[in-house]
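Dear colleague,

Please find below the structure that I am handing over to you. My notes on it follow directly after.

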Amino acid sequence: MTNTYEGGFHGQGKRFAIVSARWNSFFSDQLLSGAIDTLVRHGVEKDDITVVRCPGCFELPMTAARVKRSLDVDAIICLGVLIRGATPHFDYIAAEATKGIGQLAMDGEIPLSFGVITCDSLDQAVERSGSKVGNKGVEAAMAALEMVNLYDALS
Ligand code: DLZ
């Protein structure tokens, strides 16, 4: 018989911070409401959800680092929308956001989830913020719930 650890999706008594980048807010607000709705539907009290807004995806890792230091939360959900433009700016910001959020999680203290969508077009942003391909804010909230329960199981 194997020993298996995995997390459920129970949110009761858990505290979450959502760091949400304001750029492309038409879409990022959809990710934010999807994430909040998912947490609440899994038993998280609204009072236990803290939303922290930052300017753009570049600022997500530094804001999440500050949140981790300042707030007593069980997980941090990072949300943002990157839409490719005519210059390589998109790639630089996407790389920094991905690397920075990943690095912050590597000490294994609390989980961080990655709800940043990287889109080549407005159509892709529409598809990933609540239509054809779902809502990446919902997915990021589900991942955070599962990881919080997994960390509990491993504590
Ligand atoms: C500058 C910039 C550009 C071009 N595009 C986006 C984007 O698609 N999504 C996003 O979240 N932020 C973008 N930004 C802003 C940067 O993330 C950052 O806020 C600024 O460079 C200021 O540091």
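I begin with His89, which counts as exposed because it has 12 C-beta neighbours inside 10 Å. The cut-offs are these: a residue is buried if 20 or more other C-beta atoms lie within 10 Å of its own, exposed if 12 or fewer, and partly exposed in between, with C-beta atoms placed from the backbone. UniProt lists His89 under "active site", in an unreviewed entry; positions from UniProt are given in the numbering used here, feature names are shortened, and annotations may be inferred rather than shown by experiment. The residue lies in helix H3.

Please note that this is a predicted model, in which local features need pLDDT of at least 70 and side-chain atom pairs count only at pLDDT 80 or more, while totals for chains, interfaces and linings use all residues. Residues are numbered from 1 along each chain as its sequence is written.

Helix H3 (residues 89-105) packs with helix H2 (residues 60-70) at an angle of about 20°, and their axes are 8 Å apart. Helices (H or I, at least four residues) and strands (E, at least two) are DSSP runs, numbered from the N terminus. Axes are lines fitted to C-alpha atoms, for helices over the stretch in contact, and angles run from 0 to 180 degrees between N-to-C directions. H2 and H3 are therefore roughly parallel to each other (angles under 35 degrees count as roughly parallel, over 145 as roughly antiparallel, 65 to 115 as roughly perpendicular and the rest as oblique).

On the H2 side, Leu60, Pro61, Ala64, Ala65 and Lys68 meet Glu96, Ala97, Gly100, Ile101 and Leu104 of H3, where contact requires C-beta atoms, placed from the backbone, to lie within 7 Å.

Ile101, in helix H3, is buried, with 23 other C-beta atoms within 10 Å. Apart from neighbours within four places in sequence, Ile101 is in contact with Leu60, Pro61, Ala64, Cys78, Leu112 and Phe114. Its C-alpha atom is separated by 8.5 Å from that of Ala65, 36 residues apart along the chain.

Finally, Pro111 is placed in the loop between H3 and strand S4 (112-119). Pro111 counts as buried because it has 20 C-beta neighbours inside 10 Å. Not counting residues up to four places away in sequence, Pro111 touches Ala75, Ala105, Ala144, Met147, Val148 and Tyr151.

With kind regards

Methods: Two residues are in contact if their C-beta atoms, placed from the backbone, lie within 7 Å.
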